[in-house]
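Have your viewer ready and work through them one step at a time.

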Amino acid sequence: MAHAHKVKRYSGLMDWLTTVDHKKIGILYLIAGGFFFLVGGLEALLIRIQLWKPLNDFVAAHTYNELLTMHGTTMIFLAAMPIIFALMNAIVPLQIGARDVAFPFVNAIGFWTFFAGGVLLNVSWFAGGAPDAGWTSYAPLATNTFSGGHGVDYYVIGLQIAGIGTLVGGINFLATIINMRAPGMSFMRMPMFTWTAFITSALILFAFPALTVGLVAMMFDRLFGGNFFEPTNGGNAVLWEHIFWIFGHPEVYILILPAFGVISEVISTFSRKRLFGYSSMVFATVLIGFLGFMVWAHHMFTTGLGPVANALFSIATMLIAVPTGIKIFNWLFTMWGGSIKFTTANLFAIGFVPTFVMGGVTGVMLAAAPADFQYHDSYFVVAHFHYVIVGGLILGLFSGLYYWWPKMFGRVLHEGLGKLCFWTFFIGFHLTFFVQHFLGLMGMPRRVWTYLDGQGFNNLNMISTVGAFLMGVGTIVFLLNVVITSFKPRNATNDPWEDGRTLEWSIPSPAPEYNFAQTPLVRGYDAFWKEKMEGKKEMLPAEPLGSIHMPSPSILPLIMAVGLFISGLGFMYGKGDYGDGFKAFLFNNHIVAIIGLAITLACMFLRSVIDDHGFHIEPDEITGDKGVKA
Amino acid sequence: MSAHSHVDGKLPHEPEKATLEGRNKVLGFWLFLGAETVLFGTLFSAFLALRHQVGDGNPSSQELFELSTTAWATFILLTSSLTSVFAIQAMHTNKVKSMIIWLVVTVLLGLGFLALEVVEFATYVDEGHKFSTSAFSSSFYTLVGFHGAHVLFGVLWISILIAQIFKKGLTVVTAPKIYVAGIYWHFIDVVWVFIFTVVYLMGKVG
Amino acid sequence: MSTLRPQGPVAEEQFGLMKLTITIMVIVILIVFVIAGYVIIRFRRRPGDKTIPVQVEGNHKLEIIWTVIPIVLLIIIGIPTVNTVFGLAKDHTKDPNALQVKVTAHQYWWEFEYPNLGVKTAQELLVPNDVIISVEAKTADVLHSFWVPSLFGKIDTNPGGNVNTMYFEAPKTGVYLGKCAELCGPSHSLMDFKVKVVDRASFDRWVAAMKNPVAPPQDQEVADLLNKQCLSCHAIGSNGAAFPNLMGIGSRQTVAGILVNTDQPKYENEGSVEQNLEKWIADPQAVKPGTLMPKVDLTQDQVKAIAEYLAGLKLDY
């Protein structure tokens, strides 16, 4: 028998700080990720201003290196990943017909630790200098000998904490997708976005621990006199490159696969057509995820690994082009014979296809090791990875946001502003990065603070800077759209695009706290579309209407993250010169660090001993909700 | 299905899998161990890459390692794995008292292992093998120390669970916790077998 | 200095592979663009259109086609790639006919040693145009990468005895710009160097000139200053010092790798050798942030005198 427990249900700010609801956590991820995206974008604009003319001295050389490091790190770890998690949180449980994720509490931990790590990383700007050894943080440049300040400490510890958040998030989504699917939702009926979320989570699971170890080793080197990467004591700098890229290459696929998923959903919906070659799409996704672990050394062709390694990694890398090609043509043939509606979401999706192809083909070019000796670490590479990450992932994320905005917030974003956003961003993007291919081929290395006049770089760099500002305008238009839309009434229907195919469109926008009043029965791929084609307006229920058990909110995840934050700061400043006051006692004996860890462990202890009984939402409350029929 | 719906009277045969929450917990924990495997795999790779970088005048692995101590540690830890199996078996047959006894034995054996490790490390430091001595020493202490920290965490965790069982009894809520802690304990034993082989035996041979 | 205008066989071979891949890839891009363009126009939704298109599941024939064609294209690229990988990995370090050069990268300058000739120089690698040049590259501090776009692709310089080897040939005489291609600190972008390719006779003259002793400044005061303030770190001609060798600095193309020496200055960073030397010695940090060269305690006149002397250190070859 279910019996009601008294659980405090918060409102206002406390609601957001204590929430374990995947939809709210999704929104938190979106806000935090969006904020860091703006920070990273600002850093990008400063970089482009510095490079708009030769021998510019808009920022100092040292500051420039901080900017390029923080731009890369922020965009990858603090902007792209969280916005992916935002969409995964908001949508995946709805697509598989689940009431929640497998571990709502862990989900909140994931968000708050990511956020604590991100904030810690950015605190460095105000604490004597940001990390400046590049987002790859290669040793020995990143060791104490050559980066004496605390900058790289912030990188190492900030990413470590953010990485914990990502890892538990990945585990959560794997367990959710394996265990929480509605009756009838077999693996081969799962929507493409859920599939890519699944594979991405698996990649996170197997890639992030490698980064964890790399960061631990570098932290020990920097803070406790370790010798992992210290060549003078037998350490090995190339080892860091291996560890970093064993994580780093799968990371690329962690980023791009969800974008593939979004594009599959959007193109299929707005072509009013089933995704072409669904099984080959699934197969291609799995294959890309698998191959993603076999190719890391293609980032290291010039490291001197020898011809055998270079040849093998060349071929392995090229192989990835095959499943990617399958996807591209499947998208094109999904549109073929369809009825294509050019909403903003679909514009981004259609813009994605050729753009991503351009980024993909330069990838194959880079895979040819001897030619890579020329491309490597030049602006050609910069152009390549911005084509796949911005032209691929960011266009995909924009597409997903426009598409699912009504499901997340109950309001449809303004289409006119949306199209303006698309065209400015899209044109700005190509202006910025297309010319960089040629800069690289002409011999401009990446990560250069400035360049000499008279080398033919001037005009192309100027064009690139103009393009960057146009992308900035596109982003501002998006923000404007968000603000304006938020003042409109919350009137989105269940299926605002009218062509929705998957389960999330069968429930109200935004989804109620419990998602599905009755768990739906899934009778095929594109479950909702199947019911609509048979003339029904909603899904068949798989259970009678009954009381719904919900997990209780908790402040512990936030406190755990704060504990890690304090502990991180404590470790970083464990070797300072504070005279001999109280502060020196606290920091130099690692007492601050230990207090921080103790806070986190105490939260884990509390979580273990206090049973979470949750609370129940009763049928009368459910039927009382607007738009739900019992 | 709710977390706290007690099945009156008898617990099901596998109480850890009786609820969706329990099944999620077990699955999630297996996934977590997947991540832990990669973590230790990377630590092992780093150790293998650096283990010959001893540096001039520092003690080598042949000079340092005392196989008799580590053999004892191995024996103790493997025995504790066995006792944790007995605990889970007791849980499946709903013998709470015997389960608690076996868990206590497991914890004590874990503590014994930790004591041996602390003594071992102290001896090494005396012999001039400090964390910052060489790349070999850094990677050695990181790998073995990470494992030691896992054992310590396991000891604390299982102790807390024993206390909970005393207070709440064996239910569909507590059972998955015990089960998952059992898997964890096996995992750190397996890691130790690899450490014993790769670090100590190979280190002794050269 | 562009990779698109290769001036030696190594760069040409790499350029050949680049041309092959670019051609294939442009074709791929065009195919996708054409299909995408056609689809978008042909199948756009007319206003008020409520028809439901046929829900196609897939088409095995098509799917096999766009799996097999890319594989074929990859084989076309893969075979020459593997060939070139092994071709360029040939080891010439034991080749008696090759010129052996040891490259050591520093923050932020390049050291070039000719072990068989007993010569050491900095910033400018002088090579003859008639032999294979075999390079052994390493670093004295952080990672750098050794790159001359029009002659050869890059090779990283690793620390801790991890030496990388490569080779190149430069049949055409001339001066080629080289760059550091791995982030190495604030002045990463200012770590340019030159490869000067000359004919055999002038290379031999250069080697001989490098070994000739240099006359000290005539003014005793300048000579003392030079000894005290410059030669405490640098050397002129002998091999020992850990900082750039100043032998022949007056006939180099640049000062500090980044201040271009020319008699007709056109851009900001250009000037005569003397002006550049003055600028550099007066405030090294302003030219190359993070450089180890300190601002030496010298009056303006003293800087001028030393610059004048150094500018006169020219080599005849």
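A helix here is a DSSP run of H or I with at least four residues, numbered from the N terminus. Keep in mind that this is a predicted model.

**Exercise 1.** Find the element that holds B:Ser138, then decide whether this residue is buried or exposed.

*Solution.* Start with the element: B:Ser138 lies in helix H5 of chain B. Next, take the relative accessible area, which is 0% for B:Ser138. Buried means under 20%, so B:Ser138 counts as buried. Finally, look at its surroundings: leaving aside neighbours within four places in sequence, B:Ser138 is in contact with A:Gly226, A:Asn227, A:Phe228 and B:Phe131.

**Exercise 2.** Describe the contact of chain B and chain A by residues and by buried area.

*Solution.* Begin with the residues: chain B supplies 38 and chain A supplies 41. Then turn to the area: the two chains bury about 3100 Å² between them, with 72% of it on carbon and sulfur atoms.

**Exercise 3.** Work out which polar links join the two chains, and which elements of chain B take part.

*Solution.* First, count the polar contacts: nine residue pairs, both at pLDDT 80 or more, link chain B and chain A. The elements giving two or more residues to the side of chain B that touches chain A are helix H1 (20-50) and helix H5 (135-168). Of these, H1(B) gives the most, with 18 residues. By class, that side of chain B has 19 nonpolar, 14 polar and five charged residues.

**Exercise 4.** Which residues form the salt bridge, and how far apart are the closest N and O atoms?

*Solution.* The rule finds one salt bridge across the interface. B:Lys168 pairs with A:Asp611, and their closest N and O atoms are 3.3 Å apart.

Technical notes. Residues numbered from 1 in each chain as written. Chains lettered and ligands numbered in written order. Predicted model: local features only at pLDDT ≥ 70, side-chain atom pairs only at ≥ 80, totals over all residues. Heavy atoms only, no water. Contact = heavy atoms within 4.5 Å. Buried area = accessible area lost by both parts, 1.4 Å probe. Salt bridge = Lys/Arg side-chain N within 4 Å of Asp/Glu carboxyl O. Polar contact = N/O pair within 3.5 Å; in protein donor to acceptor, adjacent residues only side chain to side chain. Nonpolar A, V, L, I, M, F, W, Y, C, P; charged D, E, K, R; others polar. Buried < 20%, exposed > 50% of the residue type's maximum accessible area, 1.4 Å probe, protein only.
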